[in-house]
Every structure is written in structure tokens, then in C-alpha cells.
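Here's a quick tour of one model, taken element by element. Have a look at the fold before reading on.

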Amino acid sequence: MMTAEDENETREHASTVSLSDENDGRLTVSISDAVSELETVKFTIQTKSALPSFTQQQMSVIRCHEEFIWLHDMLSENPEYAGYIIPPAPPKPDFEEARDKLTRVTAAETTMAEEEYKKLRKELESDYLALFKKTVAMHEIYLLRIAAHSKLREDSNFRVFLEYAKDLKVRSKNKKRNNRRVL
């Protein structure tokens, strides 16, 4: 006979999907670190897998936003996934506005009171940090959604994205189009 506590626990387990079930092969993906550079953000992706399709059990790669877009394009354009809902690509990190504000505040430092300057600079740095954390989280959620999908997590391009330690040498479609116009 089940108690109310057992019934609640059963309902909780029935409503969650576990990727860590040892019987189906485990796949965990996380972004352990991110570094903002002038034009891009570099994400360090940690992967642990017991899936037979992966060549290694633990991997760590560094990826930039354009490589996330490449992965999204590869999944979206694959006819095998027609009818599947492909997770939307994470938005491009845009720190330009935050950098501009910080530049203007720094330039105005000599005309502001010291306390006012410190307060404003601290607020801007806090806003930048919040935006940065949000960017990292959106990229991680994208990977988690793919990893949670029974078909997409077996995709060869997803495996390359997670396993290939070198730069994928991808360029955005807009850059390719602009290069074609020049030629």
C-alpha cells in the first residue's frame, strides 16, 4: 500500500526526464567557463558521456558563438530531422551597448564627483555581469535541450561539436555571402 508521501514521490519521478540513467547511456553537458573577448565570447564546454557513439567519456572543448550557430544550422538543415522541433539557436552575445556606456562614463570621470563615478561604474559593471551570465546560460540551455533529445544527442555534428578539441573553422553565413559579393 502506498502512502501519500510515496504517491507524491512517484508523481515527482514520473514528471522528470533523467539523462543520467545508467542503462540508456549518460550524457551531461555544461559550460564550465566563459571568457569575453573584444569581438566574441569563448565558452568552455564540459561533456561526460557513456553513450557508445562518443569516442571519449570526458571531453572539454572551447567554442565561440558562431560554432553554436553552425551546430544549429547543421541540425536544422538535416532532412532526417524533418518534423522534429530543433531548439532555437542562442542569441548572439551583444555587449556593445554596455561597453559604450562604460567608455562614456570613463571619459566623463574627470567631470563627475568621485562617489558618483564609482557608483555609476559599479552599476554598469553589475549590468554587464548580469548580461554575460544570461548569455552563458542561454548557450548552456541550448546544449542541454539537444542533449535531452533522444535523436539529436546522437547526431554526428553534435558529437563533433562536443568532442573535436580544435577550432571548427566556421564562419557565419553573412560573412560567406559578403565574401561572395567581393569576388
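Which strands does helix α2 (residues 65-76) lie across, and at about what angle does α2 run to β3? Helix α2 lies across β1, β2 and β3, and its direction makes about 105° with β3. Contact here means heavy atoms within 4.5 Å, and axes are lines fitted to C-alpha atoms (for helices, over the stretch in contact), with angles from 0 to 180 degrees between N-to-C directions. Helices (H or I, at least four residues) and strands (E, at least two) are DSSP runs, numbered from the N terminus.

## Ground rules and confidence

This is a predicted model, in which local features need pLDDT of at least 70 and side-chain atom pairs count only at pLDDT 80 or more, while totals for chains, interfaces and linings use all residues. Residues are numbered from 1 along each chain as its sequence is written, and side-chain values use heavy atoms, with hydrogens and water left out.

So how does the confidence look? The protein chain averages a pLDDT of 82, and 80% of the residues score at least 70; pLDDT is the predictor's confidence in each residue, from 0 to 100. Among the elements, α2 has the highest mean pLDDT (97) and helix α1 (residues 4-14) the lowest (39). Residues 1-23 have pLDDT below 50, and beyond near neighbours in sequence that stretch has 11 contacts in the model. Residues 176-183 also stay under 50, with two contacts beyond four places in sequence.

## The sheet

Three strands make an open sheet in the order β1-β2-β3, with antiparallel pairing. β1 and β3 are at the edges with a single partner strand each, so one side of each is left without a neighbour in the sheet. From one strand to the next, the twist averages 20°.

Strands count as paired if DSSP finds at least two bridges between them. β1 (residues 27-36) and β2 (residues 41-49) run antiparallel and are joined by nine bridges, with a hairpin of four residues connecting them. Along that pairing, V29 has T47 as its bridge partner, and T28 stands opposite K48. On the β3 (residues 58-64) side, β2 pairs antiparallel over seven bridges, and T44 stands opposite I62.

## α2 against α5

The axes of α2 and helix α5 (residues 156-163) come within 9 Å and cross at roughly 165°. The two helices are therefore roughly antiparallel (the label for angles over 145 degrees). The crossing is left-handed, that is, the near helix is turned anticlockwise from the far one by less than a right angle.

Which residues of α2 meet α5? They are E67, F68, W70, L71 and M74, and they meet N157, F158, V160 and F161. Nonpolar covers Ala, Val, Leu, Ile, Met, Phe, Trp, Tyr, Cys and Pro; charged covers Asp, Glu, Lys and Arg; the others, Gly among them, are polar.

## α3 against α4

Helix α3 (residues 96-107) and helix α4 (residues 114-148) have axes that come within 10 Å and cross at roughly 170°. These helices are therefore roughly antiparallel to each other, and α3 passes α4 in a left-handed crossing. From α3, A98, R99, K101, L102, V105 and T106 meet Y117, L120, R121, L124 and Y128 of α4. The contact of α3 with α4 has seven nonpolar, one polar and three charged residues.

Methods: Angles under 35 degrees count as roughly parallel, over 145 as roughly antiparallel, 65 to 115 as roughly perpendicular and the rest as oblique.
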